[in-house]
Amino acid sequence: MVFGGVVPYIPQYRDIRRTQNAEGFSTYVCLVLLVANILRILFWFGRHFEAPLLWQSVVMILTMLLMLRLCTQVRVANELNMKRRSFAASRWCSCGPVVMPSRRPTSC
């Protein structure tokens, strides 16, 4: 019962890590689940409920933080690669490398 909510995220975590692509995963899902589980833990302080539900919330919060960390790392790495590619592409025009004009020596 404690790990039941985490099980669907294991293949998704492995797939994102393997492909280095987090495009299909919404971080808003992590936000909603983080808020819901934090509220559940806060509710526990007012009225105690079963311990497995409390531990399920703790495990889910840790899982969502791991998913957010992975998605952030993958997206930052992909953005850096895109910037490097665009920088490298800007140094070349369609007809070949850009040649910087040389300075002619000036006579005094």
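This is a predicted model: local features need pLDDT of at least 70, side-chain atom pairs count only at pLDDT 80 or more; totals for chains, interfaces and linings use all residues.
**View 1. The fold reads α-α-α-β-β along the sequence.** Three helices and two strands are present (DSSP runs numbered from the N terminus: H or I of at least four residues for helices, E of at least two for strands).

**View 2. Asp15 and Arg18 form a salt bridge.** Such a bridge is a side-chain nitrogen of Lys or Arg within 4 Å of a carboxyl oxygen of Asp or Glu; here the closest N and O atoms are 2.6 Å apart. Both residues lie in helix 1, three residues apart, about one turn of the helix. Asp15 is partly exposed at 35% relative accessible area, while Arg18 is exposed at 63% (buried is under 20%, exposed over 50%, partly exposed in between; 1.4 Å probe, protein chains only).

**View 3. The largest nonpolar core has 15 residues.** A core of this kind joins buried Ala, Val, Leu, Ile, Met, Phe, Trp, Tyr and Cys residues through side-chain atoms within 4.5 Å. Tyr9, Ile16, Phe25, Met64 and Met67 touch the most other members. Helix 1 (9–19), helix 2 (27–46) and helix 3 (51–90) each supply at least two residues, and helix 3 gives the most, with eight.

**View 4. Phe25 and its contacts.** Leaving aside neighbours within four places in sequence, Phe25 is in contact (heavy atoms within 4.5 Å) with Tyr9, Gln12, Ile16, Cys30, Met67, Cys71 and Arg75.

Notes
Residues are numbered from 1 along each chain as its sequence is written. Side-chain values use heavy atoms; hydrogens and water are left out.
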